Amino acid sequence: MNMTGPVQNDATPDITSTDETSLLVIILDTNPGQRMLRETSHVLTHVVESVIAFANSHLMQKAQNKLAIMACHSRTSHFIYPGPGKPQDIRQIDGQYEAFTVVEKTTKQNLTQLLASETSTVITESLLAGAIAMALCYIVRLQRTKPPGAKLNCRILVVTGSDCSASQYMNYMNVFFTAQKKNIVIDVCALDQHLSLLQQGCDITGGIYLKVPQLQGLLQYLLWVFLPEPPIREKLVLPPPVKVDYRAACFCHRELIDIGYVCSVCLSIFCKFSPICTTCHTVFKMPAPLAVKPKKKKIKL
Ligand SMILES: [Zn+2]
Ligand SMILES: [Zn+2]
């Protein structure tokens, strides 16, 4: 199955072009521990409204377009659209396309349930790597069950205000390289803080990383930068790519480091020399101590 990209210059007319579906999976970080939510809690409402409007714009572009929205919380990640169980009966609102109403109502209902289930006040980091892994599984399942001949272009958009957690470094790298192998683009919209690990993920999978300069204009940034499909993006004037911070996290303390020791057997990274690799248990020779010239003994006469 060829999944390299929807733009094909075949001489024969592309009959299947109407069967081409774009799936957008949005991962929304709803963890109440995010700094911007702790300072002003109503920010979440603004972010959710913007994301729903953006999601509906994606559906509006093409009748075949598909959408999934996930909430990444402090302990779990859930699909909030399409939600678990059968879709609820939603009364049509005059003047609004039913599909948009369903997206809005389902997302808000499931999100409210998720937020209400959170009882702990302990601040924990968002499980973004796990949420991306779930999104990848979902995409792979859809790709496996799609009708033959149909084309499914998939991408993931992460919207988060968390800071980068180097403790999930390994999980991040695993999901980034899996996505790259499956031709799934990962886009990241950082709302509050710079995210160097997720920025690496965008670079690896060919997605766009954007740190939103002003949260008020979130919807505009989403529509401008993240709405166009990846093949169309090359034709647009988008924010220039920033230099990617390619620091790795050491396996001993999970901190981002510039220079470290790398195990020559399993490529684990350590910030300090250790004689035994904690990952693969290879034993290394201690570096020889600096040679000290033996002092010349003065010969007593
Ligand atoms: Zn370390
Ligand atoms: Zn090793």
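**Entry 1: Val188**

I note at the outset that the model is predicted.

I then looked up where Val188 sits, and I found it in strand S5. Next I listed its contacts, leaving aside the neighbours within four places in sequence. Val188 is in contact with Val158, Leu195, Leu198, Gln199, Gly201, Cys202, Gly207 and Tyr209. I also checked Ile156, which is 32 residues away from Val188 in sequence. From C-alpha to C-alpha, Val188 and Ile156 are 8.3 Å apart in space.

**Entry 2: the sheet around S5**

I turned to the sheet that holds S5. I recorded an open sheet of 6 strands, in the order S3-S2-S1-S4-S5-S6, with mixed pairing. Which strands lie at the edges? I found that S3 and S6 are the edge strands, each pairing on one side only. From one strand to the next, the twist averages 20°.

At one end of this order, S5 and S6 pair in the parallel sense, over 3 bridges. Within this pair I noted that Ala190 stands opposite Lys211 in S6.

Towards the other end, strand S2 (residues 66-72) and strand S3 (residues 77-81) run antiparallel and are joined by 4 bridges. The two strands form a hairpin, with 4 residues between them. Here Ile69 stands opposite Tyr81 in S3.

I reminded myself of a general point about side chains. In a regular strand they alternate between the two faces of the sheet.

**Entry 3: helices across the sheet**

I looked for helices lying on these strands. Helix H3 (residues 98-117) lies across S2 and S3, and it runs at about 150° to S3. Helix H7 (residues 218-226) lies across S4, S5 and S6, and its direction makes an angle of about 155° with S5.

**Entry 4: helix H6**

How many residues of H6 are buried? I counted 7 of the 10 residues in H6 (residues 196-205) as buried, and the helix is mostly covered.

**Entry 5: H5 against H6**

Two packed helices are described by the angle between their axes and the distance between the axes. For H5 and H6 I recorded an angle of about 15°, with the axes 9 Å apart. The two helices are therefore roughly parallel to each other, as angles under 35 degrees count as such. H5 passes H6 in a right-handed crossing.

Which residues meet in this packing? On the H5 side I listed Tyr169, Tyr172, Phe176, Phe177, Ala179 and Gln180. On the H6 side they meet Leu197, Gln200, Gly201, Ile204 and Thr205. By class, this contact has 7 nonpolar residues, 4 polar residues and no charged ones.

**Entry 6: backbone details**

I searched next for backbone features. A cis peptide bond joins Tyr81 and Pro82, with omega at about -15°. Pro82 lies in the loop between S3 and H3, while Tyr81 is the residue in S3 that stands opposite Ile69.

I also noted two residues other than glycine with positive phi. The phi of Arg254 is near 55°, and this residue is found in the loop between strand S7 (248-249) and strand S8 (256-257). Arg254 has 13 other C-beta atoms within 10 Å and is partly exposed. His281 has a positive phi of about 60° and is found in the segment after strand S10 (269-270). Is His281 buried or exposed? It has 9 C-beta neighbours inside 10 Å and so counts as exposed.

**Entry 7: the whole protein**

The protein has 8 helices and 10 strands. Of its 301 residues, 29% are buried. Among contacts between residues at least 6 apart in sequence, 65% join residues at least 24 apart.

Conventions. Residues numbered from 1 in each chain as written. Chains lettered and ligands numbered in written order. Predicted model: local features only at pLDDT ≥ 70, side-chain atom pairs only at ≥ 80, totals over all residues. Buried ≥ 20, exposed ≤ 12 C-beta atoms within 10 Å, placed from the backbone. Axes fitted to C-alpha atoms, helices over the stretch in contact; angles between N-to-C directions. Parallel < 35°, antiparallel > 145°, perpendicular 65-115°, else oblique. Left-handed = near helix turned anticlockwise from the far one by under 90°. Contact = placed C-beta atoms within 7 Å. Nonpolar A, V, L, I, M, F, W, Y, C, P; charged D, E, K, R; others polar. Pairing = 2+ DSSP bridges.
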